[in-house]
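Subject: Structure for you to look at

Hello,

Here is the structure I said I would pass on. Please open it first, then read the notes below it.

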Amino acid sequence: MKNIALYFGSFNPIHQGHLIIAQYVINAGLCDELWFVVSPHNPHKNRTDLARAEDRLEMCKLAIENHPLIKVSDIEFQLPTPSFTIQTLDALEKKFPEHNFSIVMGQDSVENLHTWKKYEDILKYRIY
């Protein structure tokens with residue numbers, strides 16, 4: 001069973017800070033792989049301020065080309081928008097029952113987690 005750390009975000013755009021955090025999580029042995037989960041529409045962000053979802057997805061793919069343990073997931077492109085983390089987690093668990101999932105989350109998200117849909121269910125996951 002693989003341990004997959006999920007790094008959710010709009011990645012508008014993805015930048016070195018995202019990659020440094022991802023590599024740190026991998027180097028610390030917290031996961032076998034890290035997946036950037038690109039959100040077409042985060043309910044906490046104004047959609048008009050975002051680059052096209054497909055462009056942000058492609059930028060992420062280009063950014064991780066030389067990082068074999070980092071992947072990009074488009075799972076939220078197959079789900080209704082806006083994207084809710086708990087729905088994405090449910091979809092990933094159904095699609096990949098052989099994986100254990102954890103979440104990489106910034107301090108700003110941790111502080112606002114109580115405003116997220118079904119946040120109590122998200123707390124069942126290991127959060128880094």
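Strand E1 is mostly covered, with six of its eight residues buried. Buried means under 20% relative accessible area, exposed means over 50%, and partly exposed is in between (1.4 Å probe, protein chains only). Helices (H or I, at least four residues) and strands (E, at least two) are DSSP runs, numbered from the N terminus.

Before the rest, two remarks on the source. This is a predicted model, in which local features need pLDDT of at least 70 and side-chain atom pairs count only at pLDDT 80 or more, while totals for chains, interfaces and linings use all residues. Residues are numbered from 1 along each chain as its sequence is written, and side-chain values use heavy atoms, with hydrogens and water left out.

Strands

E1 pairs in the parallel sense with strand E4 (residues 99-104) over six bridges; two strands pair if DSSP finds at least two bridges between them. In this pairing Asn3 stands opposite Asn100 in E4. E1 also pairs in the parallel sense with strand E2 (residues 33-38), over six bridges, and here Ala5 stands opposite Leu34. E2 in turn runs parallel to E3, joined to it by four bridges, and Trp35 has Lys71 in E3 as its bridge partner.

Backbone

Most residues other than glycine have a negative phi, and most peptide bonds are trans. A cis peptide bond joins Asn12 and Pro13, with omega about -5°. Pro13 lies in the loop between strand E1 (2-9) and helix H1 (16-27). Phe11, in the loop between E1 and H1, has a positive phi near 50°. Is Phe11 buried or exposed? Phe11 is buried, at a relative accessible area of 3%. The bond from Thr81 to Pro82 is cis as well, with omega near 0°, and Pro82 lies in the loop between strand E3 (70-73) and helix H3 (85-95).

Salt bridges

How many salt bridges does a search of the whole structure find? The search finds four, a salt bridge being a side-chain nitrogen of Lys or Arg within 4 Å of a carboxyl oxygen of Asp or Glu. Lys2 and Glu33 form one of them (2.7 Å, N to O). This pair links distant parts of the chain, with Lys2 in strand E1 and Glu33 in strand E2, 31 residues apart. Lys2 is partly exposed at 36% relative accessible area, whereas Glu33 is buried at 9%. Lys124 and Asp121 form another, their closest N and O atoms being 3.3 Å apart. Shared partners join Arg52, Glu54 and Asp55 into one network of salt bridges.

Regards
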